[in-house]
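Trainee: I have a new structure open. Can you walk me through it?

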Amino acid sequence: MDISVYIPHGRENAISRKALQDLTGFPDRNNRKRIERARLNGVPILSSAARGGGYWKSSDAKEMRTFCK
């Protein structure tokens, strides 16, 4: 399963860990492992715990640099 198909583009559309769990049917730990693998394969999945947090894909280079710091 390609976890990235469940992750929306843009911080304003971030999906929570719980919502991702509900969509995929997999436990949170499993989803986080899949996200890790997707990132290692070059999928720009960002995350934040601030302001409700969640996961999103980004194509903004500045946003990606900030996330990596």
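Mentor: We take the fold, then the salt bridges. This is a predicted model, where local features need pLDDT of at least 70 and side-chain atom pairs count only at pLDDT 80 or more, while totals for chains, interfaces and linings use all residues. Residues are numbered from 1 along each chain as its sequence is written, and side-chain values use heavy atoms, with hydrogens and water left out.

Trainee: Which pattern does the chain follow along the sequence?

Mentor: The pattern is α-α-β-β-α. Helices (H or I, at least four residues) and strands (E, at least two) are DSSP runs, numbered from the N terminus.

Trainee: OK, salt bridges. How many are there?

Mentor: The count is four, a salt bridge being a side-chain nitrogen of Lys or Arg within 4 Å of a carboxyl oxygen of Asp or Glu. In one of them, D28 pairs with R17, with the closest N and O atoms 2.4 Å apart. D28 is in helix α2 (residues 28-40) and R17 in helix α1 (residues 17-24), so the pair ties together parts 11 residues apart in sequence.

Trainee: Is D28 buried or exposed?

Mentor: D28 is buried, at 14% relative accessible area. Buried means under 20%, exposed over 50%, and partly exposed in between (1.4 Å probe, protein chains only). R17 is partly exposed at 42%.

Trainee: What is R17 linked to in a network?

Mentor: R17, D28 and R32 form a network of salt bridges.

Trainee: And where do D22 and K18 lie?

Mentor: Both are in helix α1, four residues apart, about one turn of the helix.
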